[in-house]
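Trainee: I would like to go through this model with some questions. Please end each reply on the value or name I ask for.

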Amino acid sequence: MEQIWTLIKVTALAGIGGTGLGGALSGLFKRDSVKTASLLLSFAGGVMIAIVCFDLIQSAIDTGVHIVKICAGIAFGVAIVYLLNLWIDKMTNREVRHIGKKHPQTADNLDEIIHSNHLSVHLKRRDTKIALVGAGILMACAIALHNLPEGMTIGASYANNKGIMQGSALVLSVLIGLHNIPEGMAIAVPLINGGIKRRFAILTTALCGTPTIIGALLGYWIGDISPLGLAMSLSFASGAMFYVVFGEILPQSILMYRSKSPAFAVIFGILLGMIIIYM
């Protein structure tokens with residue numbers, strides 16, 4: 001039981017703490033921090049790649065489960081997170097059009113990552129405060145669902161560490177928490193500007209991280225059933241992280257700061273991830 005409580009507490013910090021911190025920081029956002037955000041995203045993506053490739057997938061292979069089943073689990077993880085992101089894009093694009101033939105299907109600046117660009121469009125159109133609150137609620141529901149598979153990666157890694165919160169499980173928790181900060185901003189910005197009290201907006205934002213805990217418990221439970229369950233849990237978690245890195249983090253970081261620097265940040269992140277895993 002102590003292992004479960006440890007998982008809940010750490011995942012709550014990553015999910016509820018990460019999105020809640022994003023909500024609290026929403027009013028402090030600076031537009032001149034694009035380069036820093038790009039490099040931090042790239043670095044975090046590199047660490048995630050190392051953990052997925054050298055820890056999660058390797059551990060799934062070590063269970064003895066057939067490689068085809070492991071690949072199928074990875075593909076399933078990629079597909080689930082991709083479909084969730086596709087749904088989020090369609091919902092937010094219907095609210096404020098931001099994806100088209102002349103725009104990449106991912107955020108290409110910090111304004112878009114935290115959806116403050118949506119706020120400026122709402123204000124320009126002179127939309128009502130109800131519309132702004134609706135936009136915030138929409139983002140809250142979408143991100144809450146998105147946090148479920150992210151939580152499974154923590155749970156699967158925790159199960160692989162035999163219920164010890166260290167190494168890759170702990171690092172993934174920290175990285176997912178950091179990844180949740182801009183998502184928290186995306187929820188809080190329209191809510192606060194729609195007239196919702198800041199405290200209530202931050203609380204709502206933080207609660208959107210709750211599915212991360214549910215996902216972590218699910219990932220841990222599946223991984224603790226049998227070698228096949230552990231392999232499938234690790235495979236799904238790997239696929240979910242693959243999409244988060246290659247479908248979200250890296251495209252965003254490269255589009256925000258178009259130079260070779262993000263590539264070096266990714267490499268440095270991979271090297272640090274390997275040191276964390278093998279030391």
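Trainee: How many helices and how many strands does the secondary structure of the protein come to?
Mentor: This is a predicted model, in which local features need pLDDT of at least 70, side-chain atom pairs count only at pLDDT 80 or more, and totals for chains, interfaces and linings use all residues. Residues are numbered from 1 along each chain as its sequence is written, and side-chain values use heavy atoms, with hydrogens and water left out. Helices (DSSP runs of H or I, at least four residues) and strands (runs of E, at least two) are numbered from the N terminus, and the order here is α-α-α-α-α-α-α-α-α-α-α. The totals are 11 helices and 0 strands.

Trainee: What percentage of the residues in the protein is buried?
Mentor: Buried means under 20% relative accessible area, exposed means over 50%, and partly exposed is in between, with a 1.4 Å probe and protein chains only. The protein has 279 residues, and the buried part of them is 54%.

Trainee: What share of the accessible surface belongs to carbon and sulfur atoms?
Mentor: Accessible areas come from the Shrake-Rupley method with a 1.4 Å probe, and for residues only the protein chains shown count as cover. The total for the protein is about 13,300 Å², and the carbon and sulfur share is 69%.

Trainee: Among contacts with a separation of 6 or more, what percentage joins residues 24 or more positions apart?
Mentor: A contact means heavy atoms within 4.5 Å. Of the contacts in the protein with a separation of 6 or more, the share from residues 24 or more positions apart is 85%.

Trainee: Which residues does Ser59 contact, leaving aside neighbours within four places in sequence?
Mentor: Ser59 lies in helix H2 and counts as buried because its relative accessibility is 13%. For Ser59 the partners are Asn160 and Leu234.

Trainee: How many residues apart in sequence are the parts that the pair of Phe76 and Phe236 ties together?
Mentor: Rings of Phe, Tyr and Trp (its six-membered ring) pair if their centres lie within 6.5 Å; planes under 30 degrees apart are stacked, over 60 edge-to-face, and the rest tilted. The search finds 5 aromatic pairs, and one of them, Phe76 with Phe236, is tilted at 5.6 Å centre to centre and 50 degrees between the planes. Phe76 lies in helix H3 and Phe236 in helix H10, so the tied parts are apart by 160 residues.

Trainee: What distance separates the C-alpha atoms of Val81 and Tyr243?
Mentor: Val81 lies in helix H3 and is buried, with a relative accessible area of 2%. Not counting residues up to four places away, Val81 touches His146, Pro149, Ala240, Tyr243, Val244 and Glu248. Val81 and Tyr243 are 162 residues apart along the chain, and their C-alpha separation is 6.7 Å.

Trainee: Within what arc do the buried residues of H8 fall?
Mentor: In helix H8 (residues 198-207), Ala201, Thr205 and Ala206 are buried. The arc is that of the directions from the helix axis to the C-beta atoms. The buried residues line one face of H8, because seen down its axis they fall within 135 degrees.

Trainee: Which exposed residues does the face of H8 turned away from its buried side carry?
Mentor: An α-helix has 3.6 residues a turn, so residues three or four places apart point the same way. The exposed residues on that face of H8 are Arg199 and Phe200.
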